Amino acid sequence: MAHFTILKSGNIVEQVVVVSNDIATTEQAGIDFLKKLYKNQHLAVVQTSYNNNFRKNFAGIGFQYDQTRDAFIPKKPYNSWILNETTCQWE
């Protein structure tokens, strides 16, 4: 199974959707499928990895997708915490 995120403004994860590997043979195939399913060609969709094989972290609702780092970053729990640039986790 492949996992994809639906992003709202600010690249915030609104939803995580599972798509069959038979459909999501590539990331683009999964994105195209979801855009057609939701009937929205402007839908912001990004694939996430359940095993953290890419994009640093498995996305959850409220995570932000950072295009520069190509990573999903969880919400900052406290103002004093600093982002670990290697893991994209707050410490």
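Here are a few friendly notes on the loops, rings and surface of this model.

1. First, the ground rules. This is a predicted model, in which local features need pLDDT of at least 70, side-chain atom pairs count only at pLDDT 80 or more, and totals for chains, interfaces and linings use all residues. Residues are numbered from 1 along each chain as its sequence is written, and side-chain values use heavy atoms, with hydrogens and water left out.

2. Start with asparagine 57, which sits in the loop between strand S3 (44–48) and strand S4 (64–66). Helices (H or I, at least four residues) and strands (E, at least two) are DSSP runs, numbered from the N terminus. Asparagine 57 is buried, because its relative accessible area is 7%; buried means under 20%, exposed over 50%, and partly exposed in between, with a 1.4 Å probe and protein chains only.

3. Serine 49 is in the loop between S3 and S4 and is buried, with a relative accessible area of 5%. A polar atom of the serine 49 side chain is 2.8 Å from the backbone nitrogen of asparagine 53. Not counting residues up to four places away in sequence, serine 49 touches Phe54 and Phe58.

4. Tyrosine 50 belongs to the loop between S3 and S4 but counts as exposed, because its relative accessibility is 58%. Beyond its neighbours within four places in sequence, tyrosine 50 is in contact with His3 and Phe58. Tyrosine 50 and methionine 1 are 49 residues apart in sequence, yet 9.3 Å apart in space from C-alpha to C-alpha.

5. Now the rings: the structure holds three aromatic pairs. Tyrosine 50 and phenylalanine 58 form one that is edge-to-face, at 5.3 Å centre to centre and 80 degrees between the planes. Rings of Phe, Tyr and Trp (its six-membered ring) pair if their centres lie within 6.5 Å; planes under 30 degrees apart count as stacked, over 60 as edge-to-face and the rest as tilted. Tyrosine 78 and tryptophan 81 make a tilted pair, because their planes are at 50 degrees, with ring centres 5.3 Å apart. Phenylalanine 58 is partly exposed at 26% relative accessible area, and tryptophan 81 is partly exposed at 32%.

6. Lysine 39 has a positive phi near 55 degrees; it lies in the loop between helix H1 (27–37) and S3 and counts as exposed at 76% relative accessibility. Arginine 55 has a positive phi of about 60 degrees, is found in the loop between S3 and S4, and counts as buried at 14% relative accessibility.

Definitions and conventions. Contact = heavy atoms within 4.5 Å. Polar contact = N/O pair within 3.5 Å; in protein donor to acceptor, adjacent residues only side chain to side chain.
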